Amino acid sequence: MTEALSLAWTAGVLVVIVAGGGVEDLALSWVVLAVMAWLHHDTLVGLAILGLVAILVRWQESRPAPSQVDGRDLLIKFWRLVSVYLSAGLSPWQAIDAAALSESSLVGPIGELAESIQQRAYDGGLRQFAVAFPGPEAPMIGAMIQHGYKHGLRAEDVMWQADAMTQRRQSDEAVVRRRDPIWLTWLPAILLLNVVWIFMAPMATMLKSTWLKL
Amino acid sequence: MRGLVLAMAVGLTIWEAYHQRSVWPEALGWMVALPSRNMLWMVWGMMAGWGWSQLTEAVGKEKVRDRDEQAAETFLMQLAQLLPIRGALGAALDDMGYRALGESSPTGVLEDFAGHCRVSALTMVSQVARRISRQGGSLLPVVREALRDIQSTRRARFERRPEEAAQRTTVMILGVAPVLLMAGFGLFLPTFYRALDGTSIGNLAVSLVGTSMTAVWWILAAHIERSSAAR
C-alpha cells in the first residue's frame, strides 16, 4: 500500500514538474532523491516532504546576491567617479554631488562634510568623515574637497589621486593574497591524511582483533 | 540512523532550494555510498556532496564574472573606437548594433548592458553617460578610463591563475582519492573493506574523512567566492 502511494506520489510530482514548464535541473535532482528514498527507505513521509519542498522551490523567486564592498573601496570608487565627472565637464560640487548620489551609504557622510565646509568648521567635519571611513583615503579626500571648495578641483589631479589610492589598495590586497597560498597548502595536506586514515583503520582493527586473540 | 539520513536529505534539499542550487551533488554522494548499505557512509556521502556543491557554485560564479568582464571590455573597446569617429553615443551604439530599431535611448542601452554585466567600471560609464546627457560633457575619457580599469584588474587576476588552478586540481584529486580507495578495498581487499564497514574504528575513520573532505571543499569554495565577489 505504502509502495503504491509512494509510486503515485512520485508520478504526480513528476507530472507537476513537467507540466509546470519544463524539467528543471533542481526538479530532476529531486526526482533522483525521491526515487532513491522510495527504493531504499520506503517512507512516505520523507517523500511527501521532499515533494512539497520541490514544489515550493518552483515558486520561489530569484534573490539578488548581496554586494560586498569595503568602505575603503567605496571611497576610492567615489573619488574616481568624481574625477570622471570632472573630466566630463561638470563643476566640482556637481561632480561630488553626482558621485555621492551613486552610492546611498555615501550620501550622509559626504553631505555632513559639505555642510561643515560651508559653515567653515573644517577640522570637525574632516574628523567626522575620517571616523565614518577608517583608512588612509578619507583624510586625503576630505582635505581635497575642502581645497576644492576654496580653489576648485582639476580632473587630472583627482584622477592621479584616485590612481594612487587604487594602487595602494591593490598593494595592500596583494600582501593579504600572498598569504593565501600558504594557508591553502594546508588543504591538500589534510586531504592526504584522509588516505592515511583509510589505510590505518583496517590495520588498527585487525591489530586489535589479533591482540585480543593473543 | 535511517531517520537521520532522510532528515539530512530533506535538510540539504531545503538548503539547496533556498540557495537556488541543484541537489545533484548530494544525491550523487548518497548514491556513491548506497551500495555499502551503511547509513553513516550515506550521511558523509551527502555532506561531501554538499561541500562539492559549494565548490562548483563558487567556480561557476567565477566563470560568470570572467565572462561578464570580457563582454564589458569588448563593449568598451568598441565604444572607445567608435565614439571619436561618430561623435555621439547614440550613433556609436547604432554602429555596434545595439539600437537596431532605434527605440531605446543611448543611455538606456548602456544602463541595460551595465545591469546585465554588473561590472563596476561599466556601471560607472552608464551613470556618467546619464549625467552627461543632461548637463553636457565628453564621455570618451570616461570610457577610456573604465577600459583601462577593467584591463588592469583582469591582467592582475590572470597572473595569479596558474598557481590557483594547480592548487584546486590537487585538492579535487585528493578529495576523490579516499572514495576510490574504499571502492578498491570493496573489490579487491574484502578484509580491509569489512574492517572499515562494520567496526567502530572504521566508522571513526570514515567520519574523519567525511568531515575533512566537506570542510576542505567548503573552505576552498569560500576562498574562490571571496575572490570572485569583487568586480
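This note goes through selected helices and residues of a predicted model.

1. Basis. The model is predicted, with local features needing pLDDT of at least 70 and side-chain atom pairs counting only at pLDDT 80 or more, while totals for chains, interfaces and linings use all residues. Residues are numbered from 1 along each chain as its sequence is written, chains are lettered from A and ligands numbered from 1 in the order in which they are written, and side-chain values use heavy atoms, without hydrogens and water.

2. Helix α4 of chain A. Helices here are DSSP runs (H or I, at least four residues), numbered from the N terminus. After the helix comes A:G89, with a positive phi near 110°.

3. A:G71. This glycine belongs to α4 of chain A and is partly exposed, at a relative accessible area of 30%. Its C-alpha atom is 9.9 Å from that of A:E137, 66 residues apart along the chain.

4. α4(A) against α6(B). The axes of α4(A) and α6(B) (residues 120-135) come within 11 Å and cross at roughly 40°, which makes the pair oblique. Axes are lines fitted to C-alpha atoms, for helices over the stretch in contact, and angles run from 0 to 180 degrees between N-to-C directions; those under 35 degrees count as roughly parallel, over 145 as roughly antiparallel, 65 to 115 as roughly perpendicular and the rest as oblique. α4(A) contributes A:R80, A:L81, A:V84 and A:Y85 to the contact, and α6(B) contributes B:M124, B:Q127, B:V128 and B:R131 (contact means heavy atoms within 4.5 Å). By class, five of the contact residues are nonpolar, one is polar and two are charged.

5. Helix α5 of chain A. Within residues 92-101, A:A95, A:I96, A:A98, A:A99 and A:A100 are buried. The buried residues of α5(A) pack against α4, α6 (104-118) and α8 (137-151) of chain A, together with α6 of chain B.

6. B:S53. This serine sits in α3 (residues 39-86) of chain B and is buried, with a relative accessible area of 2%. Leaving out residues up to four places away in sequence, B:S53 touches B:E16, B:R21, B:S22, B:P25 and B:E26.

How values were computed
Ala, Val, Leu, Ile, Met, Phe, Trp, Tyr, Cys and Pro count as nonpolar, Asp, Glu, Lys and Arg as charged, and the others, Gly among them, as polar. Buried means under 20% relative accessible area, exposed over 50%, partly exposed in between (1.4 Å probe, protein chains only).
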